[in-house]
Amino acid sequence: MGDLTTERSSATGTAPVLVASNRGPVSFGTADDGTLTLRRGGGGLVSGLSAIDDPNAVWVCAALGAADRRAAAEAPDGRLDRAGHDVGGQAVRMLDIDPDTFACAYNGVANSTLWFVHHLLYATPTAPSFDADFRTEWAAYTAYNTAFAEALAAEAAPGAAVLVQDYHLSLTPALLRAARPDLRIGHFSHTPWAPPDYYRLLPDDVARAVLTGILGADRAGFLTRRWALAFADCCEELLGAVVDREALTVTLTGPSAGETRTTRLGVHALGADADFLRERAHRPDVDERLAVLREAVGGRRTIVRVDRTELSKNIVRGLQAYRHLLRTRPEWHDRVVHIAFAYPSRTDLAEYRAYTAEVRRLAGEIDAEFATDTWKPLILHVDDDFPRSLAAYRLADVALVNPIRDGMNLVAKEVPVVSDHGCALVLSREAGAHAELAEDALTVNPYDVIATADALHAGLTMAEEERADRTKRLAAAATALPPQQWFLDQLSAL
Ligand code: G6P
């Protein structure tokens, strides 16, 4: 008994709090002279975790590219902080996962399969088709999830709290629980969850493994009640789990008697980081870009959208709606400019490259149809420039956020916070943010191009005072749960 205890404690780490996500807080590049260069990322998770001031907290993430892998391989146990990298005061363990395994797990399963299922993205007459290649990818996804579980098990102190993030890591909670039953494990889905009829597209064993993987957590978090209930529906229908929709619990009885476990579901609607955004949006680099945009817009009204070039963001139908607006309401000719920033994402996937090409093609058509010597109806950029995005937020008269389906959509929450003089928000009812912002947004069905064009018109013609009032209320709702509190709430609920 004594020996066992010693064995276990020597096998455990010292971190009282751990976060696990595919994409970590830093990434590496290689400079001309061959040295590694470090870049810090942003986003809700990064600012959320900054609420933890325990120096022993550890963030476990994957090496995403060759330079990351080199950094991870060179650091002792992949611990970037111990290799002298300035990772922002946090301890970061970056996993040097074999590149083929990583590609199959990230591109094949996470982004081409689970992401497509949760966002309802398949053109089902031809896709998906779960063939032998998929089985190779699934084996890689399992290995990748196992690598995370092993690293977490090695770093975690006895009884530690572990917060596992997103669809990349749906198997990790159950794998980790098997290795370290002493831990408190949370999982958080940043995506929507598919309804059961669509979720069933997955092969039966895969569908069950993803659900039971997450149910390995003590608590499974979602961005809205809608996504939490969809998850519960899938557990009920596919696993025969017992669901309590009031208490938000899922109880699963295992294959052998007595193996009953209950997972609590939680809803945490990540909000915008107002302090950060307001400060960042008024730095000189943003002001410079704002001046450039103002010059290009020339006093006309603006419709702004900012997205990853992402299939679920519905950029193509957004452009179609703008074209419909210009075709059917010629009074807007020369009086409006659509600013569309779509920065690159997941370009390893053919679907994403084709989608970006379609966005460019349609933008070209709109330009050809309406542009004059003095008026460019559309400013499209497909590269990333965060200060330029903030400048567009400040300038927007109308923000267009029309995803097919979205876990939350932080742009919808950020624009009202940063807006200089009030901005009408055209918002898809399929975005998680709609649950909180519906009252003061102009709601659209993302598939209805004509209704979207009508909403753009309503936004453009909204009285200034009404627009300012709505923006104030939108900003208040959007910042109700800032990232640090979002993170701490999950931690204390564990
Ligand atoms: C979504 C996912 C995140 C992901 C992000 C960017 O928000 O929920 O997990 O990190 O998209 O996608 P990427 O594939 O570039 O990490």
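**View A. The loop between strand 15 (398-401) and helix 15 (410-418) is the place of Asn 409.** The structure is a predicted model, in which local features need pLDDT of at least 70 and side-chain atom pairs count only at pLDDT 80 or more, while totals for chains, interfaces and linings use all residues. Residues are numbered from 1 along each chain as its sequence is written, and side-chain values use heavy atoms, with hydrogens and water left out. Helices (H or I, at least four residues) and strands (E, at least two) are DSSP runs, numbered from the N terminus. Asn 409 is not a glycine, yet its phi is positive, at about 85°. Most residues other than glycine have a negative phi, and most peptide bonds are trans. With a relative accessible area of 4%, Asn 409 is buried (under 20% is buried, over 50% exposed and in between partly exposed, with a 1.4 Å probe and protein chains only).

**View B. The loop between helix 4 and helix 5 contains both Leu 120 and Pro 128.** Leu 120 has a positive phi, near 55°, in a residue other than glycine. The relative accessible area of Leu 120 is 28%, so this residue counts as partly exposed.

View C. A polar side-chain atom of Tyr 106 lies 2.5 Å from an oxygen atom of the ligand, a polar side-chain atom of Asp 166 lies 2.5 Å from a ligand oxygen atom, and for Arg 23 the distance from a polar side-chain atom to an oxygen atom of the ligand is 2.8 Å. On its own the ligand has 380 Å² of accessible area, and the protein covers 74% of that area.

View D. Val 382 is 74 residues away from Arg 308 along the chain, and the C-alpha atoms of the two are separated by 8.9 Å.

**View E. The charged end of Arg 346 sits over the ring of Trp 115, 4.1 Å from its centre.** A charge sits over a ring if NZ of Lys or CZ of Arg is within 6 Å of the ring centre and within 35 degrees of the ring normal. Elsewhere, the charged end of Arg 388 sits over the ring of Phe 341, at 4.6 Å from the ring centre.

**View F. Phe 102, Tyr 106, Tyr 144 and Phe 148 are linked into a cluster by ring pairs.** A search of the whole structure finds 14 aromatic pairs. Rings of Phe, Tyr and Trp (its six-membered ring) pair if their centres lie within 6.5 Å, and planes under 30 degrees apart count as stacked, over 60 as edge-to-face and the rest as tilted. The rings of Phe 102 and Tyr 144 have centres 6.2 Å apart and planes at 55°, so this pair is tilted. The pair links distant parts of the chain, with Phe 102 in helix 4 and Tyr 144 in helix 5 (residues 132-155), 42 residues apart. Phe 102 and Tyr 144 are both buried.

**View G. Trp 193 and Phe 231 form an edge-to-face aromatic pair, 5.0 Å from centre to centre and with 90° between the planes.** Trp 193 comes from the loop between strand 7 (184-188) and helix 7 (196-199), and Phe 231 from helix 9 (residues 225-239), so that the pair links distant parts of the chain, 38 residues apart. Trp 193 is buried, with a relative accessible area of 2%, and Phe 231 is buried at 0% relative accessibility.

**View H. Gly 213 is found in helix 8 (residues 204-215).** Gly 213 is buried, with a relative accessible area of 2%. The C-alpha atoms of Gly 213 and Pro 173 are separated by 5.8 Å, although these residues are 40 residues apart along the chain.

Conventions. Polar contact = N/O pair within 3.5 Å; in protein donor to acceptor, adjacent residues only side chain to side chain. Areas by Shrake-Rupley, 256 points an atom, 1.4 Å probe, with all protein chains shown as cover.
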